[in-house]
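Dear colleague,

I am handing over the structure that follows, and below it I set out what was found. Please read the notes with the structure open beside them.

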Amino acid sequence: MAATTADGSKVVGGGEKSNVDEESKMITLFSSDGERFEVTQEAAAMSQTIHHMMEDGCVDDEGVHLPNVGSSILAMVIEYCNRHVASPDEKEDIRSFDAGFVNVEHHTLFDIIRAANYLDVKELMDLCCQTVADSIKSKSVEEIRELFGIVNDFTPEEEAEIRKENQWAFE
Amino acid sequence: MERRDGEIPTKRSNLSDGGGSEDRLSALPDDLLLQILLKLVDTAVAARTSVLSSRWRRLWTLLPKLWFYPGTEPLAIRAALESHEAAALRDLDITLLDATPESVAGWLPIAARRLPGHLKLVNIFEPDESDGQAREIVAFLLPCFQNATSIHLELGYLGMALHPLGVFARLTDLNLTCVELHGPCMLGEAVSSPRCPSLQRLIVHGARGLGNFTIHSHSLKRLMLRNVHGLEQLTVIAPALLSLSVICCFHSTTTMNQPVATISSPQLLSLIWVDAYDPRFTQLGEMENLQRLSTYPFFVYGHNDSHKVVNSYTMKLLSHFKLIQTLNFKLLYPLEITNHEYLMEDITRLPNIVVMNLHIEPKAHSFGTSLFHLLSMCTGVRKLTITLDCKTSHPVQTVCSAGCVCDQTPNWKTEELTLNCLKRLNLSNWGATDHEAALVKRLLEWATVLQTMTVTFDRSVAGSKAKEFCQMLQIFSRPEICMRGPHFV
């Protein structure tokens, strides 16, 4: 959904590129790798981090630099925010959007979690953390290790000791 | 899975995690992993992650909130609390099934020592044949929670005694639901200012063993006592109290105690007294700032003494006041009126009422007569809301039986009433019946300075019928009255 405009900046989401647009004031975000993203202020405000910066007057004409967020992940976060401010009341649609949104590889999901945490987008954090939790919930320890590539660095004795220590949880 | 020492198991390729065998999950910082573990909403599941790898071993012990569900052994809760990192714990949410005092006593003291936040303990009680046997230990001791800010106990009438010592220094909210209180320490002593200096909201909803409740609190803002079975004496000295609710404590289906009560709460804004009231014994004190009052519902017709007794509470309570800003009042009709006495005329005067929120459960009877009687005694009302509750009626019944006496003396049809202060009239959840139409026309005639009228209908009323009703009203109304509602053009 990203389109590149004449000056090379990317416009993500449905908004028209506009620097001075009374109805939906735009704000520019820069990813860690220098890519430019134009977002409505309303969508950007879903990030409490950016929201506070806007309120405190820390956003200059140039925009906001986000050295901790790469372009591909930032694009996804923006897509999420755009979708959620667009029609917040259509619960069914949003639910299916969310389900599709988190249907990504785990490492992408973790990167989104990091970005959502840094940008402080609570709903996105809740969604992604819940997704990871759901995939842990009903699995055995072995299955969890396998799914996420967790290396078991315990000796068998150590592992037995821990299981005994937390016996109550394994019963 | 058997593994030789030192061998790193080859990771089987997993389609859903294509690309790299890196463990990106474990690479997340603690606080993000904890947010994921919190979403598990189950401490046992979270604790099992301890065995995933050394990175995970103590992670769950840093969880700020722990949940335990029915089926968890009390020893398990204790073990979990003991393994858990004391400094990290904030909130505890525990649901038990048929707990015994001994089992609760096993882990509660540890929780009390560590918890700085919120405790919710629910005991689901399933009455059992074998429960008739006398327990050796009848109550657990609730320790003093020195740091907790909020405690919510729903105990299924499990016996509880209060520790006589210690200060609940940071407790602002306490909710005791379905508790059976045991001595020797009285609840009032435990929750008054010396031992609960920060308490702002106290709810006791369903209690046994609380015959005498005396509380002295400088901090208390809201107090609710509901179904405190067998309450005999109530003393509330709370200079900062804004809201007081006493519901079915002195008078209930099982008890009828003299309402001996002394209330000293001069800042009170809201009083809900749905209970026995007798000015000889019930001292409400000065409530100069009172905004809202709610009483027992009033039985328009009664066929036994209990209806008259309850009505007398309401009338005596109303007589205590000269002026009421907002009165929430309910009129109850029975299904059948024959052989019932009309009790409305027992109300001989009302205080000056500014705003009246009237709920009527007409059970398909005409209610014009009782409405007229009520309004004739509070003609200074400025805002009147009449909400009809038709849900409790027989679903099919829209008119009462033939020959019913409910409208035998329809003085409201012919007599005049001067409601020359009434500016706003809300009719909520009406049924668009002919009786209602006639009544609204009279209301419009009585309310000579009416400015706004809002009408909404019960969900069961057909759109066409509602529109018809509103059209009729608009024709009958005056041009200066603003008519509001979804069915007005």
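A disulfide is taken here as a pair of cysteine sulfur atoms within 2.5 Å, and by this rule the count over all chains comes to 0. Cys421(B), for instance, is in no disulfide, the nearest cysteine sulfur being that of Cys378(B) at 11 Å. Cys482(B) is likewise in no disulfide, and the nearest cysteine sulfur, which belongs to Cys470(B), is 13 Å away. Cys421(B) is partly exposed, with a relative accessible area of 29%, and Cys482(B) is partly exposed as well, at 33%; the term covers the range between buried (under 20% relative accessible area) and exposed (over 50%), with a 1.4 Å probe and protein chains only.

Please keep in mind that this is a predicted model, in which local features need pLDDT of at least 70 and side-chain atom pairs count only at pLDDT 80 or more, while totals for chains, interfaces and linings use all residues. Residues are numbered from 1 along each chain as its sequence is written, chains are lettered from A and ligands numbered from 1 in the order in which they are written, and side-chain values use heavy atoms, with hydrogens and water left out.

Chain A has 9 helices and 5 strands, where helices (H or I, at least four residues) and strands (E, at least two) are DSSP runs numbered from the N terminus. Along the sequence, chain A follows the pattern β-β-β-β-α-α-β-α-α-α-α-α-α-α. Of its 171 residues, 43% count as buried, and the accessible surface of chain A comes to about 9000 Å², of which 48% belongs to carbon and sulfur atoms; accessible areas come from the Shrake-Rupley method with a 1.4 Å probe, and for residues only the protein chains shown count as cover. One of the residues of helix 6 (residues 122-137) of chain A is Ser135(A), which counts as buried at 16% relative accessibility. Leaving aside residues up to four places away in sequence, Ser135(A) touches His106(A), Leu147(A) and Phe148(A), contact meaning heavy atoms within 4.5 Å.

Turning to the interface, 44 residues of chain B are in contact with 39 residues of chain A. The area buried between the two chains is about 3900 Å², with carbon and sulfur atoms giving 61% of it; buried area is the accessible area (1.4 Å probe) that two parts lose on being put together, summed over both. Lys39(B), Val51(B) and Leu52(B) supply 18% of the area that chain B buries against chain A, more than any other three residues.

Between chain B and chain A the count is 4 salt bridges, each a side-chain nitrogen of Lys or Arg within 4 Å of a carboxyl oxygen of Asp or Glu. The side chains of Glu165(A) and Arg57(B) meet in a salt bridge at 3.2 Å, N to O. Helix 1, helix 2 (43-48) and helix 3 (74-83) of chain B each supply at least two residues of the side that touches chain A, and the largest share, 5 residues, comes from helix 2 of chain B.

Helix 1 of chain B has as its buried residues Leu32(B), Leu33(B), Leu34(B), Ile36(B) and Leu37(B), which pack against helix 5 (106-119) and helix 6 of chain A. Gln35(B), also in helix 1 (residues 30-38), is partly exposed at 29%, and touches Asn117(A), Met125(A) and Cys129(A), not counting residues up to four places away in sequence.

With best regards
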